[in-house]
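The questions below concern a predicted model.

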Amino acid sequence: MPDSPTLHSVIFRIGALICAAPAGIVREILPRLPATRIPGVSEAIEGLVNVRGSLLTVLDGHVLLHQERRADDEGAIVLLDVGGRRYGLAVGQVLDFLEVPAHSVAQRADLPGVDPRLVRAVGLRGDQPFILLDVEALFAPIIGADGQLP
Amino acid sequence: MDVSKYAALFLAESREHVSACNQLLLEWERDPGAVEPVGGLFRSIHTIKGMAATMGFTGVADLSHRTENLLDALRHGRAAPRPETFQLLFRAVDALGRAIEGAGTGSEPPADEVLGSEIDTAAGATVGDQRPGAIAPSANQTRPVQVTIRSGALMRGARASLVLRRAEAMGRVTALRPPAAQLEREDFDGRFSFRLESEASDDEVAAALCTAGDVEAIRFEQTSPAEAAIGIRGRQIRVDLGRLDALMKQVGELVVAKNRLIVLAAAAQDPLFEELSDRIARLVSGMQGEVIAARMAPVGEVFDRFPRLLRDVARDLGKRIRFDMEGEEIELDRSILDEIGEPLLHLIRNAADHGIETPERRTASGKPAEGRILLSASRERNSVALRVSDDGRGIDRAAILAKARREEMADASVETLTDDLLLRVLARPGFSTAEAVSGVSGRGVGVDAVMTRVRALGGTLDVKSEVGRGTTFTIRVPLTLAIVRALLAVAGNERYAVPLAYVAETVEFDPGAVTSVRSREALLVRDRVIPTVHLRHLVAGAAGPAPPRRPTIILEVGDRRTALVVDALMGQQDIVVEPFDAPRGMPPFVGGATILADGAPALILDAAALL
């Protein structure tokens, strides 16, 4: 009998929400880095950070998901590959790397306070629910459609 | 011999010769009695033929040979240089260009027999005319000569010099490789080549050259591209641009590391560390200069294609246009040069189509029947200005304003179009005043396409126009894209980089010199009223109160100026423009980003957007 497909996810906390991103698009977990503000753009853009000599645009997960930062947050940046481009997602804390059988993840459900369009699925980590984010939908209103600056 | 690996070299050298052919044909067409252009054309076509034959590109070699026959007929008066002959030669050069591109990229196009026959007819070709494969020089023809000095011969340089003296006694020697100075230093492997224009036969030439002594071999063959490359080693080599790009990127990272090292060394207060840091900084600056210099190329490389293009456009439009170029020797970074051709092409086509009037109309308005377009390049501080000027009808501001109002681009309160406003209207996507698409321009994709491309290069576009007198478009681009010298300006606790290319001077903000122009704040600097922009307001969100004394950066693009009031200046730094994914809604005054000496990212301000 074939094995049940497995879903690999990186689990992190943003405010009060436990969220996940598919491990396939997570390139790196970075500590929180000082960001340079970009004037005039959405407040969901935390700014630019220097990652070993390259610039990375970082989006603030708390603003995107309307969550309060917690005082005990260590802060981390999850480096994601979105449509061939790399962006950082600032989160409160990275919690886990999880392998769960795909059948144990349910299709998206209405969650109080979370835009259902941003939820790809919901699952359980122990007895704690987590949201598998639709990262492209989450970033779509913010990231540029007109390519890189020189 | 596997020659396929020399295809890139063949392509590069043949392109240069095709470009030269176009220039020479234009020169000859202007003065059909001139002798020099014919000789030059002959040499270029002959060189292409030789290289193509070596590479086995029979189509290119055949077409070159037929063209050479026509040139020979013209040179010896068997055919007359009539307008239709020039047109035929232009077509032949175009066809050669296409055949070379195809051959060099692995798909040599089939021969255009119609064109070939036309060339043969014009040349009055005779039966049994020899085709390439056996390139036999005719009387007083230029032939390639390759000489090999015997290995182990003493004073090989002196031997080479003797051979050359013998050759010069028989005719004209050109295209010596390696150059004479290198031969004199004996910095060659015993082989050298040149072109000899002489009436003597091959046997006579060989016999004469051998009298110099220690000559092992004389060959009358085109030097293969590979051999040519060997011959010029140590002087000039062709380098793949990708390698220079990679080198530039490495140097860019080195510059960032150097900046960081300087900060660390200063903080450490260790004399040895500081001395080492200074030395590394000097070495990196030197290397940076060398790499930038290696990437620089004269704008003439882009300009060269325009005379031919304009000739064809003028023919299509039934206009008489004289095209002049100035400042072709001015250099720009290769990456900018590669991008600037298209915008210039747009402007030149626009000038020919919309600017220059028909000969009848020009004569009726008291102008010479022949219009003039001038393409020029000049250095301005750390940027280069490229101008396309015409002496045509000028832009009808009233018509543009009327159309702009109809299309709700300008409101009714605007009475006249200043140059700035005119440019903004012209650069609106899709804006065109042409009543009909002419096939040359007028599709409404001209000025906005130029503006977009120029802005992407960190450059600016200006227009000046006078009805009846003509129009000048000026493109200003930085000398190089990758590494720029910048002034660091502060607003609150944020730092911004301002490229020095557009900084005229810095002054202190004097509240007593504040005035107002059209209800906008301006600063009086040495009797000149300059509108102000406060960096704090611009980047809304800078923390802390503004300091009482504020430096002001006077930005200048062409004759436009803006005073940028900042909280503080932190000196100059070489900055490397770093790519990043720009978020939606990024304001136009942000021209890019960089990483400063302390490792923090900083935004680069686009001077043009502030003016």
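Q: Which residues does Leu386(B) touch, not counting residues up to four places away in sequence?
A: In this predicted model, the count leaves out residues up to four places away in sequence. Leu386(B) also belongs to the largest nonpolar core, where it is among the residues with the most contacts inside that core. The residues touched by Leu386(B) are Val299(B), Phe303(B), Ile340(B), Leu344(B), Ser376(B), Ala377(B), Phe473(B), Thr474(B), Ile475(B) and Val477(B).

Q: How many residues does the second, separate core have?
A: This core is separate and includes Leu26(B), Phe90(B), Leu96(B) and Ala99(B). Its size is 40 residues.

Q: Is strand 5 of chain A largely enclosed or largely open?
A: Strand 5 of chain A covers residues 54–60. Buried means under 20% relative accessible area. Of the 7 residues in strand 5 of chain A, 6 are buried, so the rest of the structure leaves this strand largely enclosed.

Q: In which sense do strand 4 and strand 5 of chain A pair?
A: Strand 4 of chain A spans residues 45–51 and forms a hairpin with strand 5 of chain A, with 2 residues between them. Arg52(A), in the turn, has a positive phi of about 50°. Gly47(A) has Val58(A) as its bridge partner. Over 6 bridges, the sense of pairing is antiparallel.

Q: Which residue in strand 7 of chain A does Val58(A) stand opposite?
A: Strand 5 of chain A also pairs with strand 7 of chain A (residues 85–91), in the parallel sense over 4 bridges. In strand 7 of chain A, the residue opposite Val58(A) is Gly88(A).

Q: What percentage of the residues in chain A is buried?
A: Chain A has 2 helices and 12 strands, and its surface exposes about 7,500 Å². Of its 150 residues, the buried share is 50%.

Terms used
Residues numbered from 1 in each chain as written. Chains lettered and ligands numbered in written order. Predicted model: local features only at pLDDT ≥ 70, side-chain atom pairs only at ≥ 80, totals over all residues. Heavy atoms only, no water. Core = buried A, V, L, I, M, F, W, Y, C linked by side-chain atoms within 4.5 Å. Buried < 20%, exposed > 50% of the residue type's maximum accessible area, 1.4 Å probe, protein only. Contact = heavy atoms within 4.5 Å. Pairing = 2+ DSSP bridges. Areas by Shrake-Rupley, 256 points an atom, 1.4 Å probe, with all protein chains shown as cover.
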